[in-house]
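Hi everyone, thanks for making time this morning.

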Amino acid sequence: MRDFWIACGHHLLDRNASGGLVVTGQFLKAYFVRPELMPPDDACDIERRLHRELRADPRRAVTKEEVAAIADADARENWQFVLAFRDLLLREPTLEAAYLALVRSGTINLPPLFLNQLVHVILRNALHGCEDSFVLRAAELFFRPQRVVPHEQSLLLGDEEVIGGRSPTPVLSLISMLGGATGAGVDVLGDANADSYWHRSDQFDLALDFSTGTRGPAALADVMKLWISHLLGVDVAIEPLSALRDAKLAWYVGLDAEATRIGDRLWHGETLDDRTMARVLALFRVTFADAHLVVDAVGREDVYLILAMSPDQLVRMKPQNLLTGLPIKHLEAMT
């Protein structure tokens, strides 16, 4: 079985009997050795002691007063964030449960960095054993912003950090020092180079053809189906569609902020101009294996998922919307 996404730190975690990820001291230590938390030469004694002791015992209790006593304001903020994240992981039995608790709370007070890293490693767990490079590449949309690149008759998605000229994986992977930043160019994933994904998966340097009718939207549908099953235990079928304008949006989930805005406007009966509609990259229809799970208000109406790009041609997917926005009865009291 081939490995992938080494830099997410999945190999540092344990798994429980149900296959969920269980936090370990090694995983927590990986956060405490990140550059953002390394005390500089002029760091105060409190910051140095905190860093030293947490590297030795990453579960050590830390009081608010101790963090407040750190002299440097930026260092205080970094410690507040990482300790809040650590405490979340320690409160819950699995990383999956921690993620669900966070997105269902209605208030996410952590930087996107932490949310993306959590999604990254949970997806690595859910996709364990996957042998389809297209599915794995599509899964990158869940935790890596993408830039839309029109090319001839195709619509390509390229990793924003890579094609934007910055070094691959400087911050978005947990263990970026293991990622091996390179200056490799961006190729388009296809049958001829699909096998190369495995040895370059941490470089995020393969573009995905997301044109209508290609394997890109279908691969993303497969990832979304697996995501819902892994985290909610609900079986669905997800089908890519080709047109949004005539869809009756009785219930829809925007997979990003732009898609939510477009869906809301259509739901309220607005007629959108062609430029706005052109920002819709994909439309999906969701079918539930057990129709009894669907809230009564939806009935037999179709449920849609919308993916769109921002006016500056970026895709910033919010996979938490799939967990909190679907019309599932047993989720009503929890979201």
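Predicted model: local features only at pLDDT ≥ 70, side-chain atom pairs only at ≥ 80, totals over all residues.

The secondary structure comes to 13 helices and eleven strands. If you draw a box along the principal axes, the C-alpha atoms fill roughly 65 × 45 × 40 Å. How does the radius of gyration sit against that of a compact globule? For 335 residues, a compact globule would come out near 20 Å, and the protein has 21 Å, so the two agree.

Buried residues make up 51% of the 335 residues.

The contacts tell us something about how the chain is put together. Take contacts between residues at least 6 apart in sequence: 67% of these join residues at least 24 apart.

Let's zoom in on helix α6, which covers residues 112-126. From its first C-alpha to its last, α6 reaches 21 Å, close to the 21 Å expected for its 15 residues at 1.5 Å a residue. Is α6 mostly enclosed or mostly open? Of its 15 residues, 13 are buried, so α6 is largely enclosed by the rest of the structure.

Val 119 has 2% relative accessibility, and since buried means under 20%, Val 119 counts as buried. Which residues does Val 119 touch, leaving aside those up to four places away in sequence? They are Tyr 99, Phe 142, Phe 143, Trp 227 and Pro 319. Pro 40, for its part, lies 79 residues from Val 119 in sequence, and the two are 30 Å apart in space, C-alpha to C-alpha.

Last stop: backbone angles. Most residues other than glycine have a negative phi. Here are two residues with a positive value. Trp 5 has a phi near 50°, and Trp 5 is found in the segment before β1. Trp 5 is also buried, with a relative accessible area of 0%. Then there is Phe 204, with phi near 55°, in the loop between α9 and β6. Phe 204 counts as buried too, at 2% relative accessibility.

How values were computed:
Residues numbered from 1 in each chain as written. Heavy atoms only, no water. Helix = DSSP H or I, 4+ residues; strand = E, 2+ residues; numbered from the N terminus. Rg over C-alpha atoms; globule rule 2.2 N^0.38 Å. Buried < 20%, exposed > 50% of the residue type's maximum accessible area, 1.4 Å probe, protein only. Contact = heavy atoms within 4.5 Å. Expected span 1.5 Å × (residues − 1).
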